[in-house]
Structure formats: structure tokens, C-alpha cells
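Visitor: I would like to learn how to read the surroundings of a ligand. Could you take me through this model?

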Amino acid sequence: MSENPGTGVDQLGPAKRLTVLSGPSGVGKSTVVKELRARHPEVWLSVSVTTRAPRPGETDGVEYYFTDDAGFDRMIAAGELLEWAEFAGNRYGTPRGPVEERLRAGDPVLLEIDLQGARQVRQNMPGALHVFLAPPSWDELVRRLAGRGTEAPEVVQQRLEAARVELAAEKEFDATLVNTSVREVCNELLALILAPQV
Ligand code: 5GP
């Protein structure tokens, strides 16, 4: 695998046990992932680092590692992020070490990240399975995102603009799941994650 120098892929081999779940903000990715983890704790979920402020009920080290801009800059400079992106005014990234450790151990690993991050993973970690979570309709996505009540109206607007871009990129993914029912999507996602690797 000398065609990928410096990416870490040499030591890991193709990231066959890595699943990337992406899709527009508000589509329900975290809810699906939470249900999946509750039912199948053997699927290891990467905890991202972010400069976004915690929402009510979020705990440092559980939903995210919360940091400031300087802390995020330091992680980038030290090469500690597998991928990172700016999304709706904040930065988000995947800590590299734990993901590589789990993949080396052969565990199924799940990343829940935005489109820009998914594209970086596709470049740097060939073999990952890329799954797109789509809303049942645009109107439903608007309803969920605005109805969540956790973001200011201008942030909701920013996220809806990002959602248009993300929805247009659906064809880049290996599979699409439509989030009509959390339980069903969770079953479908699990079947993809645990499918025998070829
Ligand atoms: P939220 O602020 O709603 O928790 O997340 C906003 C967006 O950032 C979501 O689409 C989420 O999937 C994405 N995101 C979360 N963690 C990461 C990460 O580590 N990297 C990237 N690229 N996106 C992330």
C-alpha cells in the first residue's frame, strides 16, 4: 500500500471496519447512533472534538470533547485530527489516535461527521463504508431543525444552507438510508456495519 504514504493507511490496511455516517444537520444522525450504541455497544463510536458550545444536557467527553479555538489549532498543528471541518461557524474534528487504535484491534468503528469530513476520510482511508442518512422530505428536515429549538434562527438558517449542499452530495455515498423510523434505520445501519467484509 505504498501508494498512500503518510496517511497511516500503511499500518492499518484498508479501513474495512470503518463506517462513516453523514447527512444534513437535523436529519437525526445522533438519535440513530445513540440507539445503535445502546443496542450494540461493540460498535465503537468516535467522540469528536468541537469548538461549539455544549447544548443543554451535553457532557464533555460524551457527545463531544469541547475545546476553544486555540485548543483546536493545537490539535491540527500536532497532526492529532484524522479529519476536520468548519460547519455553521464552528470547527469539528475526529481525534486520530483512538480511531487508529480501534481499527488496528479489528473493532467496528463509526464516525458521525459532516460531508466535508466524509470526503477527507474517503481520500485518506480507502475501504471505509460511507452511509448517507436522508430526511423523508425537505419540509420534514426544516421542521426538525427549526423545531429542535437548540439553535438561534440565524444558525438554523446556516445549517439549512449546508443541508442543501449535503443533500446534493448523496450520490457520493455507498448507501442511503431514509430516516422514517429510528428503529428501522438503526437495523439497516447495523446490517451494513456488521456485514461480512470482502
Ligand atoms: P452538531 O453541532 O449538530 O452536533 O453537529 C454539526 C455537524 O457537524 C453535524 O453534521 C455532525 O455530523 C458534524 N460533525 C460532528 N463531529 C464531526 C467531526 O468530527 N468532523 C466533521 N467533519 N464533522 C463533524
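Visitor: How far does a polar side-chain atom of Thr-94 lie from an oxygen atom of the ligand?

Guide: This is a predicted model. A pair of N or O atoms within 3.5 Å is taken as a polar contact. Here the separation between a polar side-chain atom of Thr-94 and a ligand oxygen atom is 3.4 Å. The protein covers 96% of the 510 Å² of accessible area that the ligand has on its own.

Visitor: Which ligand atom is 2.5 Å from a polar side-chain atom of Tyr-64?

Guide: An oxygen atom of the ligand lies at that distance from Tyr-64. On the side of Glu-83, a side-chain N or O atom is 2.7 Å from a nitrogen atom of the ligand.

Visitor: Which residues around the ligand come nearest?

Guide: The shell has 16 residues, and those nearest the ligand are Ser-48, Arg-52, Tyr-64, Tyr-92 and Glu-112. By type, the shell holds five nonpolar, four polar and seven charged residues. Strand 5 (81–87) and strand 6 (90–95) each give at least two residues to this shell.

Visitor: How do the lining residues of the largest pocket divide by type?

Guide: They divide into 14 nonpolar, eleven polar and 14 charged residues.

Terms used
Residues numbered from 1 in each chain as written. Predicted model: local features only at pLDDT ≥ 70, side-chain atom pairs only at ≥ 80, totals over all residues. Heavy atoms only, no water. Near = heavy atom within 4 Å. Polar contact = N/O pair within 3.5 Å; in protein donor to acceptor, adjacent residues only side chain to side chain. Areas by Shrake-Rupley, 256 points an atom, 1.4 Å probe, with all protein chains shown as cover. Helix = DSSP H or I, 4+ residues; strand = E, 2+ residues; numbered from the N terminus. Nonpolar A, V, L, I, M, F, W, Y, C, P; charged D, E, K, R; others polar.
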